[in-house]
Amino acid sequence: MNPAHQDRATADAVRIESLTLHAADGYPLAAHRYRGPTPPRAHLVVGGATAVPQGFYKRFAQHVAAQGVDVLTLDYRGIGRSAPNSLKGFRMDYLDWGRLDLAAAVAAMRAPGVPLWLVGHSYGGHALGLLPHPEHVDAAYTFATGAGWHGWMPPLERLRVQIMWNLIGPVATRLAGYLPWSKLGMGEDLPIDVYRQWRHWCRFPRYFFDDPQMREVTARFDAVRFPIVAVNALDDAWAPPVSRDAFMAGYRNAPVKAVTLDSRRDGLGPIGHMGYFRPRAQPLWNEALAWFDGQRMASAM
């Protein structure tokens, strides 16, 4: 079948439902549930990256749902359809995306006897340790999760990031009251608290694990015991493998398998930080599903 026709057939086989989740603090969150043509063998929640709306993960969600796994995507508070009319004056904690918003998605997808899986992109991999009930998750697969420290990045990207944090960001947020990320072609605009905390933690080689004021929060990462695969591409300037290793060491009690992807050697072309969810990365999606199914069968034995 022609690939374009196959993609169309996959999309047609999946039913997409729009819904509103409510976080524990009452905040309403826009979400979509993707249902395949057959009863699901598992449920999967996508934890997105910073400043990335849920629509970016639509093809991935359709592909997975068409293969018998129901998928939930969401916009974190302050992002996409979960944002207020204006971000000016909007206050929140960056950690809320994990401990409240992603937690609401996990709660919505829990079902007796149905495995619950998480796929995290960048921040989504951070959020695994922020969940109030990690025991509700059976397994996780992350793409592009790293520590965010400029020292792990290639020299040119290191320079760009330092200019962003130390020059462009402070001026832009002072003028707008939030980070006008979209005007820089970097994604969705960000609430000012997200910008400030993100910038602060990126000063440390191991992100918030190196922040003395975060010890109570990072201690909760010890409660994560489900298996994790962490995939990072060699051409990911923001989160190269060494950055991944610095962050994933925080999951001290979880079996973490680190996978370093040479996308050009494997015929996928450039991946960078965002290419994991573009159509050419479909082989990576299939590998993730195969691994999840292996976990499911192992737990059933």
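## A pairing in strand β5

In β5, W117 is the bridge partner of L44, where strands are DSSP runs of E with at least two residues, helices are runs of H or I with at least four, and both are numbered from the N terminus. This is a predicted model, in which local features need pLDDT of at least 70, side-chain atom pairs count only at pLDDT 80 or more, and totals for chains, interfaces and linings use all residues. Residues are numbered from 1 along each chain as its sequence is written, and side-chain values use heavy atoms, with hydrogens and water left out.

## The neighbours of β5

Strand β3 (residues 42–47) pairs with β5 in the parallel sense over 5 bridges, two strands being counted as paired if DSSP finds at least two bridges between them. Strand β6 (residues 139–143) also pairs with β5 in the parallel sense, over 5 bridges, and there T142 in β6 is the bridge partner of G120.

## How β5 is enclosed

Because 6 of the 6 residues of β5 (residues 116–121) are buried, this strand is largely enclosed by the rest of the structure; buried means under 20% relative accessible area, exposed over 50%, and partly exposed in between, with a 1.4 Å probe and protein chains only. Both faces are covered, with L116, L118 and G120 buried on one side and W117, V119 and H121 buried on the other.

## The whole protein

The protein has 9 helices and 8 strands, and buried residues make up 54% of its 301 residues. Along its principal axes, the C-alpha trace spans about 50 × 45 × 40 Å.
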